[in-house]
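User: I want to learn how charged side chains pair up in a protein. Please take me through an example.

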Amino acid sequence: MGDFFVEQKDEIKMGDTPSLVRLLKGDPLDPAQPGWGGHYVRAWDRPFRRFERMTTQADRIEIFGILELMLPMDNEIPTQPQAFLIVDNQKLPGTVINDDTMCFRFSPKSNKGFTFKIQSNVPALDGLAGGITAILPSPDRVQHPSETHPNWWTDDPTLEIAEGPHHGAKTVSRWREEFLTDFAQRMLRCQSRVSTQ
C-alpha cells in the first residue's frame, strides 16, 4: 500500500483524510480548533432553488446548494415514466410528482458552469439540455450559522485560506508534512513487524 501511495506523486487526493487525521492530532469535539484535519466553521443553511423550467448557465446557485427542476411531462406519458439527468459523470434519476411532473435534484460540488441533458422514455423530456453555474459563497455567510443544523460544520470560505477552488484547504495543508511523515513512520513500523514474523 505504501508503494502505491508513493507512486501517486502529485496525484494524491486526500478526500476524507481530514476527518481521520483530526483524531490523531486535534480536538474531534471542536472542529473550530486547528489540527491536522484543518479547522472549520458552523455551516449555514444551504440555498435551495426550484425551477419549473430547464435552467441555463445564466442561472446561478451557490456550491453545495440544491437545485430542483420540476418539469412537466405533457400528455404522452408512458405507463412507467423514467428519466435521468446526466451531468458530469453522474446519472441522476428523476422522481414522478403528481403523475404529471418529473423532479430532478442536483447539488454542485465545485464553482463552475455545469451542462446537463435528460435521457427519458417521456417524449417531452428526452433530449432536453440545460445547465447551471455554481458560484462560491460569500465569506460573510459564516456570520449566519444554521439554527436547524447546529452540528453541521463546513470549510471556512475565507479567501486567504483557500487553495484554488478548495475552501479552507490551507488549514489542512499547513500540516501536510507532519501527517505524511507520521503516515510514513507507521508504514515503516508495519514493514518491520511483517519482516520479523
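Analyst: Start with Lys-112, which is partly exposed at 37% relative accessibility; buried means under 20% relative accessible area, exposed over 50%, and partly exposed lies in between (1.4 Å probe, protein chains only). This is a predicted model: local features need pLDDT of at least 70, side-chain atom pairs count only at pLDDT 80 or more, and totals for chains, interfaces and linings use all residues. Residues are numbered from 1 along each chain as its sequence is written, and side-chain values use heavy atoms, with hydrogens and water left out.

User: Which side chain meets Lys-112 in a salt bridge?

Analyst: Side chains of opposite charge can pair when their charged atoms come close. A salt bridge needs a side-chain nitrogen of Lys or Arg within 4 Å of a carboxyl oxygen of Asp or Glu. Here the N to O distance is 3.3 Å, and the partner of Lys-112 is Asp-88.

User: Is Asp-182 buried or exposed?

Analyst: Asp-182 forms a salt bridge with Arg-186, with the closest N and O atoms 2.6 Å apart. Arg-186 is partly exposed, at 33%. Asp-182 has a relative accessible area of 18%, so Asp-182 is buried.

User: How many salt bridges does a search of the whole structure find?

Analyst: One of the pairs is Glu-178 with Lys-25, at 3.2 Å between the closest N and O atoms. Arg-46, Glu-62 and Arg-141 are linked in a network of salt bridges. For the whole structure, the search finds eight.
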